[in-house]
Amino acid sequence: MAAQPRGSRGRGRPVILVMYAACMRNHAIPLGSYAVDGCGEFLPTGVDGTPEAVLCAACNCHRNFHQRVEMEIPPPPPRRRAPRAARRANLAADFPPPPTTPPQARWN
Ligand SMILES: [Zn+2]
């Protein structure tokens, strides 16, 4: 079971997204050389919680042979409603008044 920080409710903390990229398993060890199978991304064979979930459907290697890539997704900023006056100011800034051009006399 994974350790979970005390008092954490999952809010305000970054989410760590874990992906598995290219397979790095050396298939040429018996030959004393180095050769990978060319699998570019781990694709689980089974659903989470089953033994097949750690086997790649493309190359049949264990997930641990694939490069582990972690991405930190920052938490969304707290949602706060701006005061009514500020909201009006933002609206006015988004839609500036049309430029005023002097009327042109065209029929002189
Ligand atoms: Zn592989």
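Student: How much of the chain counts as buried?
Tutor: In this predicted model, 6% of the 108 residues count as buried.

Student: Okay, and which residues make up the largest nonpolar core?
Tutor: That core has five residues in all: C23, C39, F42, C56 and C59.

Student: Let's stay with F42. What does F42 touch, leaving out residues up to four places away in sequence?
Tutor: F42 touches Y20, C56, R63 and H66. One of these, C56, is also part of the largest nonpolar core.

Student: Switching to the fold: how many helices and strands are there?
Tutor: The chain has one helix and two strands. Going from the N terminus, the order is β-β-α.

Student: And what share of the contacts with a separation of 6 or more comes from residues 24 or more positions apart?
Tutor: Those pairs account for 45% of them.

Student: What about N60, where does that sit?
Tutor: N60 lies in the loop that runs between β1 (15–23) and β2 (66–73). N60 is not a glycine, yet its phi is positive, at about 70 degrees.

Student: Is N60 buried or exposed, and why?
Tutor: N60 counts as exposed because it has 12 C-beta neighbours inside 10 Å, and the cut-off for exposed is 12 or fewer.

Student: Good. Last topic, confidence: what is the mean pLDDT of the chain?
Tutor: The mean is 82, with 69% of the residues reaching 70 or more.

Student: Where does pLDDT stay under 50?
Tutor: Over residues 1–8. For that stretch the model has one contact beyond four places in sequence.

Terms used: Residues are numbered from 1 along each chain as its sequence is written. This is a predicted model: local features need pLDDT of at least 70, side-chain atom pairs count only at pLDDT 80 or more; totals for chains, interfaces and linings use all residues. A nonpolar core is a set of buried Ala, Val, Leu, Ile, Met, Phe, Trp, Tyr and Cys residues joined through C-beta atoms within 7 Å. A residue is buried if 20 or more other C-beta atoms lie within 10 Å of its own, exposed if 12 or fewer, and partly exposed in between; C-beta atoms are placed from the backbone. Two residues are in contact if their C-beta atoms, placed from the backbone, lie within 7 Å. Helices (H or I, at least four residues) and strands (E, at least two) are DSSP runs, numbered from the N terminus. pLDDT is the predictor's confidence in each residue, from 0 to 100.
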